[in-house]
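Please keep the sequence and the model at hand while reading.

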Amino acid sequence: MAYQLDQFIADCRSILKRDHGPDGREEVRVKLERLLSNPDFVKKHCEDAPRGLHVLYEDPELGFQVLAHINGQARVSPPHDHGASWAIYGQATHYTDMIEWEREDSGGDPKRAELKPVKKYRLEPGHAGIYQDGKIHSIDYPDYARFVRVTGTNLDKIHRVRFDLKTGEVQPMTPQQAT
Ligand SMILES: [Fe+2]
């Protein structure tokens with residue numbers, strides 16, 4: 001039988017209860033790829049779903065979330081972090097171009113940063129990328145690209161920053177600036 005959302009959630013719970021560190025999250029990433037290989041899941045929750053950001057699940061005990069990003073329009077995000085959390089992006093339809101960044105400055109100035117790109121790749125359908133604590137990335141996707149994201153907590157409730165590449169300014173991210 002195909003791997004379903006409720007089985008994925010149960011697996012996330014047992015994995016993260018046992019190991020909520022980087023290795024446990026990597027196990028979740030692999031499970032997310034398995035979930036995205038189920039065409040019925042992709043059709044129901046990604047292709048046929050109304051546009052917007054849908055919380056498919058939030059764990060009352062561990063706090064992690066499973067989110068479906070049902071995008072209609074192309075978007076390029078600025079580089080950003082996920083605060084004191086982590087995020088896994090699993091591509092459902094089309095693709096997302098990812099850039100991972102590192103700070104070139106000392107990190108001493110909370111308002112300014114210099115970034116350099118260290119990794120560029122395209123997430124294709126069925127593939128999931130992981131961004132551990134403090135990782136900075138930016139995303140670029142075309143119209144109708146849809147993805148499922150698993151985050152360690154509700155990112156709207158924690159402090160996060162984004163980076164203006166032109167000015168070097170570090171800006172706080174507000175809720176619903178999403179991704
Ligand atoms: Fe992100």
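## Cysteines

How many disulfides does the count come to? The model is a predicted one, in which local features need pLDDT of at least 70 and side-chain atom pairs count only at pLDDT 80 or more, while totals for chains, interfaces and linings use all residues. Residues are numbered from 1 along each chain as its sequence is written, and side-chain values use heavy atoms, with hydrogens and water left out.

With a disulfide taken as a pair of cysteine sulfur atoms within 2.5 Å, the count comes to zero. The sulfur of Cys12 has its closest cysteine sulfur in Cys46, at 15 Å, which is too far for a bond, and Cys46 is accordingly in no disulfide. Cys12 counts as buried, at 1% relative accessibility, and Cys46 counts as buried at 0%; here buried means under 20% relative accessible area, exposed over 50%, and partly exposed in between, using a 1.4 Å probe and protein chains only.

## Sheet pairing

Helices (H or I, at least four residues) and strands (E, at least two) are DSSP runs numbered from the N terminus, and two strands pair if DSSP finds at least two bridges between them.

Glu104 lies in the loop between β5 (96–103) and β6, where Glu104 is partly exposed, with a relative accessible area of 48%. Although Glu104 and Glu114 are 10 residues apart in sequence, their C-alpha atoms are 5.3 Å apart in space. Not counting residues up to four places away in sequence, Glu104 touches Glu114, Leu115 and Lys116, contact meaning heavy atoms within 4.5 Å.

## Nonpolar cores

A nonpolar core is a set of buried Ala, Val, Leu, Ile, Met, Phe, Trp, Tyr and Cys residues joined through side-chain atoms within 4.5 Å. The largest has 26 residues, and those with the most contacts inside it are Phe8, Val28, Leu32, Phe41, Ile88 and Val150. Among the elements that give two or more residues to this core are α1 (5–18), α2 (22–36) and β9 (146–151), and α1 gives the most, with six residues.

Leaving aside neighbours within four places in sequence, Phe41 is in contact with Leu5, Leu35, Leu36, Cys46, Leu56 and Val148.
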